[in-house]
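Please give me a short report on this protein model.

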Amino acid sequence: MLKYCTALIFLGIVTISSAEVTTDNSLNQFLEIGDTLDISCSSEDTIVWSLDDTIIDTDNTLNITITVDGEVSTVTVDSVTGDHAGIWECDVGDSNLKIVVYVEAIITAPDSVELEIGSNLTLTCVFEDDTLDGGTYLTWSKNGVLIGTSSDTAEEGSDERISLIVDTLNIDVAVYGDAGTYTCSKTYACLDTTCDSDQDIVVYFGPEILNTGKSLTVPRDDTATLTCKVESYPKATVYWAINGTEIANTSRITATSEIDDDDVQIVTLEIKDLEDEDRNNYECIATTEFNEDFWTMLLRVKDPLAALWPFLGIVIEVIVLLIIIFIHERRRKGKEAEAEDEDDDVPVSKPVNSGPGEMRMRSVKGEDK
């Protein structure tokens, strides 16, 4: 959508001679570009209209309509442009009225342009009415700080990445810092004075949340600090919420906001004396008139002794294991002792030798018989 920078037209009426020519118009009229200019003069004589000493006839090329109703002659312009700036005069010979009209030109440009980091940015303002003096060159500024003035050839601006040519501003390889409100303006001669026209273009970015973490674990009764960092132009409305509902400040919960040296918004949520009920998904929401972004962090609340429980579990497991080993060894040694006692009660018998020696002994005994 194009925005038109429209300015007021000053319309003053001055009586030069006799009162034979009169008007019912206010001596001071204020019109905007595109409004209707309607001037009437009354006289018993025939009224002749002129603009800058050029007589206006019915077949003029400026879309000026002249109507006569009795003694009243009316000049009408349905849509005022720079061509209608000048000294208007209704003349009846010895008497006349002079009407001076100042017209400011139109500059057309887009309301807003989205900044794409890493891409080239081009802004164009069109000075619509070249009938006024001063050419088509424009002066550019950003957030009220002068960048430079364009010419027929590319002029370097306040940054070597910026070039200005005729009605266009170019920025090579845009960065986040290039977001802002740019103003193209022009000062030019209009009759015996100077006029100014200007147009703002909002180069917006984001909002973009820079956070990367997804969860945070904090011991019960401690303080949890959740931080949300946002890059945005214009500055975003940033707040912390649960299920889309903004978190209100309380005696335990406080949200604060600041802007660092890199123009990054930092919104911090601090929760004191953590309770188990504080475990939840916390949402950072950033909104502007152009876009919205959000980020979610899970806050876990742990028992202060939580780190001790695993250690105690290991100790208990070791103790149980030692007890089991001890009992097992006691039982094993008891069984061995019982077995030894049983062995002591059994009589010892000599083994019968059935070898060759015994056979010889038997043979000798047989011979003795």
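Strand E28 (residues 280-287) and E29 run antiparallel, joined by eight bridges. Strands here are DSSP runs of at least two residues (E), helices runs of at least four (H or I), numbered from the N terminus. Two strands pair if DSSP finds at least two bridges between them. A hairpin of four residues links E28 to E29. E29 (residues 292-302) also pairs with strand E22 (residues 215-219), in the parallel sense, over five bridges.

| Residue | Bridge partner in E29 |
|---|---|
| Tyr282 | Met297 |
| Val218 | Val301 |

The model is predicted: local features need pLDDT of at least 70, side-chain atom pairs count only at pLDDT 80 or more, and totals for chains, interfaces and linings use all residues. Residues are numbered from 1 along each chain as its sequence is written, and side-chain values use heavy atoms, leaving out hydrogens and water.

Now the interior. A nonpolar core is a set of buried Ala, Val, Leu, Ile, Met, Phe, Trp, Tyr and Cys residues joined through side-chain atoms within 4.5 Å. Buried means under 20% relative accessible area, exposed over 50%, partly exposed in between (1.4 Å probe, protein chains only). The largest core has 26 residues; Leu121, Leu123, Cys125, Trp140 and Leu169 touch the most other members. E21 (193-209) is among the strands that give it two or more residues. The largest share, four residues, comes from E21. Another core lies apart from it, with 22 residues, including Val218 and Trp295.

Finally, the helix. Ile323 sits in helix H1 (residues 308-345). Ile323 is partly exposed, at 45% relative accessible area.
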